Amino acid sequence: MNAPADPRAAVRANANFRWLAAGGLLSMLGDQFTLIALPWLVLKLTGDPLALGLVIALMSVPRAVFILIGGALVDRYSPKSVLMQTKFINAALMAVLAALTFAGQATLPLVYLLALGIGLAQAFSIPSATSMSPRALPPQLLQAANGMMLGMRQLTMLAGPLLAALMIALAGGGGSVQDMRALGLAFAIDCATFLLSAWTLANVTLLPAPQREPEKQLLRAVASGIAAVWRDASLRLCFIYWGMVSFFIGGAIQVALPVLAKDTLHSAAAFGVLVGAHGAGTLLGMAASAVGKRLAALLPFGAMLLLGDALAGLLLMPLGAISSTAQGIALLLAVGVVGGFMQIAVFTWIQRRVAPQMIGRAMSLFMFIFMGLAPLSAAATGWLLQHVTLAQLFAVAGGGLALFALLAWLFTPMRTIQAS
């Protein structure tokens with residue numbers, strides 16, 4: 001089928017997209033509340049960045065181990081059925097966490113256990129959620145749908161942290177273990193959004209399923225998905241590069257940013273504002289991505305990726321040396337613009353390049369790289385912060401990202417990869 005004259009209008013008129021967008025908006029908004037509340041809860045319980053790193057690592061281990069199996073299950077059954085189950089499981093976990101926090105009974109061992117459960121649920125929710133659009137929308141609408149969904153995600157990344165930070169601040173900032181009602185409310189809001197988004201998901205009607213492979217063993221299905229990505233030279237090169245960047249750089253940002261807000265800016269509200277600034281920048285970058293079609297005529301897709309990473313690394317380097325929230329906002333806003341500019345193109349490039357019957361496994365491998373590998377370095381980052389300063393950590397992390405991009409440019413053909 002030919003692409004419609006106005007793809008965005010066609011996407012908005014699609015009933016499946018409207019239900020997906022409503023559910024996604026609710027769920028992503030709730031996730032941003034937990035993104036602020038959970039690190040702040042751990043830091044208030046312990047004051048120890050190593051404990052925060054261990055919580056992130058405990059979420060990452062089951063996610064890393066099972067996310068590829070989750071992708072195989074999505075391809076075998078249905079992204080809708082797998083996603084529905086994970087929404088109910090996540091709602092239950094958030095309800096428990098909210099109740100414990102409200103009652104002042106949240107302890108570090110219980111947070112560890114719940115983090116493990118959240119990570120396990122994410123191993124199945126992530127590949128199913130990222131596989132819904134290709135199964136619910138015709139191919140000619142994917143580019144526009146991805147842009148609109150990712151744009152909404154960035155709106156929640158802007159609004160959610162700011163709302164959560166405001167709520168915590170109004171309740172006294174969560175300044176003691178006994179005064180955690182605002183954090184409990186944040187977890188309760190996330191629980192409610194999971195339930196509401198499950199209702200919207202129930203109204204989505206999937207397109208006819210592509211022919212599935214006759215594989216009966218999940219591990220064999222996982223292996224065939226990895227092999228399909230490996231056989232594509234461009235996919236293989238990009239996935240290896242992203243994996244190295246994620247493993248060596250990603251964890252530093254996850255742990256160091258809340259520590260920066262606590263130790264330098266001394267405010268949960270500042271943490272929410274910093275995360276919101278990054279979300280706002282990403283949204284601006286996505287809005288500017290329309291220029292990407294013109295840039296593609298000048299630079300290949302791979303070259304733009306490497307240049308963007310190099311610029312983001314340079315912007316991250318001074319972040320640990322800031323002395324005010326305004327300085328952090330400026331840097332993270334710029335980092336967000338760079339990242340947002342490329343996000344839509346990356347998602348659509350992968351979805352179009354992979355066969356429909358492999359999309360769940362391909363997207364699970366992609367998400368494994370960023371949501372499985374990066375947090376594994378979070379525990380190491382928590383340990384490092386006991387021996388180095390925040391300024392040193394951000395300088396090394398940002399400089400490392402720029403260095404990886406430079407090495408990929410000089411010694412691999414990645415800069416020549418085209419968008420289609």
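Reader: Why is Ile344 called buried?

Author: In this predicted model, Ile344 has a relative accessible area of 8%. Buried means under 20%, so Ile344 counts as buried. Ile344 belongs to helix H14, residues 325-353.

Reader: What makes Asn16 count as buried?

Author: Asn16 has 10% relative accessibility, and the cut-off for buried is under 20%, so Asn16 counts as buried. The position of Asn16 is in helix H2, residues 15-46. Leaving aside residues up to four places away in sequence, Asn16 touches Ala136, Leu137, Asn203, Val204 and Thr205.

Reader: What does the protein chain as a whole consist of, in terms of helices and strands?

Author: The secondary structure comes to 16 helices and 0 strands. Of the 420 residues, 54% count as buried. Among contacts in the chain with a separation of 6 or more, 87% are between residues 24 or more positions apart.

Reader: Why is helix H4 called roughly antiparallel to helix H5?

Author: The axes of H4 (residues 79-102) and H5 (residues 108-130) come within 9 Å and cross at roughly 160 degrees. Angles over 145 degrees count as roughly antiparallel, which makes H4 roughly antiparallel to H5. The crossing of H4 past H5 is left-handed. Residues of H4 that meet H5 include Val82, Leu83, Ile89 and Leu93, and the H5 residues they face as a group include Leu114, Ile118, Ala121 and Phe124.

Reader: How many aromatic pairs are found in the whole structure?

Author: The search finds 4 aromatic pairs. One of them is formed by Phe239 and Phe366, with 6.1 Å from centre to centre and 50 degrees between the planes.

Reader: Why is the pair of Phe239 and Phe366 called tilted?

Author: Planes under 30 degrees apart count as stacked, over 60 as edge-to-face and the rest as tilted. The planes of Phe239 and Phe366 are 50 degrees apart, and the pair is tilted. This pair links distant parts of the chain, 127 residues apart: Phe239 is in helix H10 (residues 233-265) and Phe366 is in helix H15 (residues 359-384). Both Phe239 and Phe366 are buried.

Reader: What makes the pair of Trp242 and Phe366 edge-to-face?

Author: The angle between the planes of Trp242 and Phe366 is 80 degrees, with 5.4 Å from centre to centre. Edge-to-face requires an angle over 60 degrees, so the pair counts as edge-to-face. Trp242 in helix H10 and Phe366 in helix H15 are 124 residues apart, and their pair also links distant parts of the chain.

Reader: How do you know whether Trp242 and Phe366 are buried or exposed?

Author: Trp242 has a relative accessible area of 6%, and Phe366 has one of 4%. Buried means under 20%, so Trp242 is buried and Phe366 is buried. Ring pairs link Phe239, Trp242 and Phe366 into a cluster.

Terms used. Residues numbered from 1 in each chain as written. Predicted model: local features only at pLDDT ≥ 70, side-chain atom pairs only at ≥ 80, totals over all residues. Heavy atoms only, no water. Phe/Tyr/Trp six-rings, centres within 6.5 Å; stacked < 30°, edge-to-face > 60°. Helix = DSSP H or I, 4+ residues; strand = E, 2+ residues; numbered from the N terminus. Buried < 20%, exposed > 50% of the residue type's maximum accessible area, 1.4 Å probe, protein only. Axes fitted to C-alpha atoms, helices over the stretch in contact; angles between N-to-C directions. Parallel < 35°, antiparallel > 145°, perpendicular 65-115°, else oblique. Left-handed = near helix turned anticlockwise from the far one by under 90°. Contact = heavy atoms within 4.5 Å.
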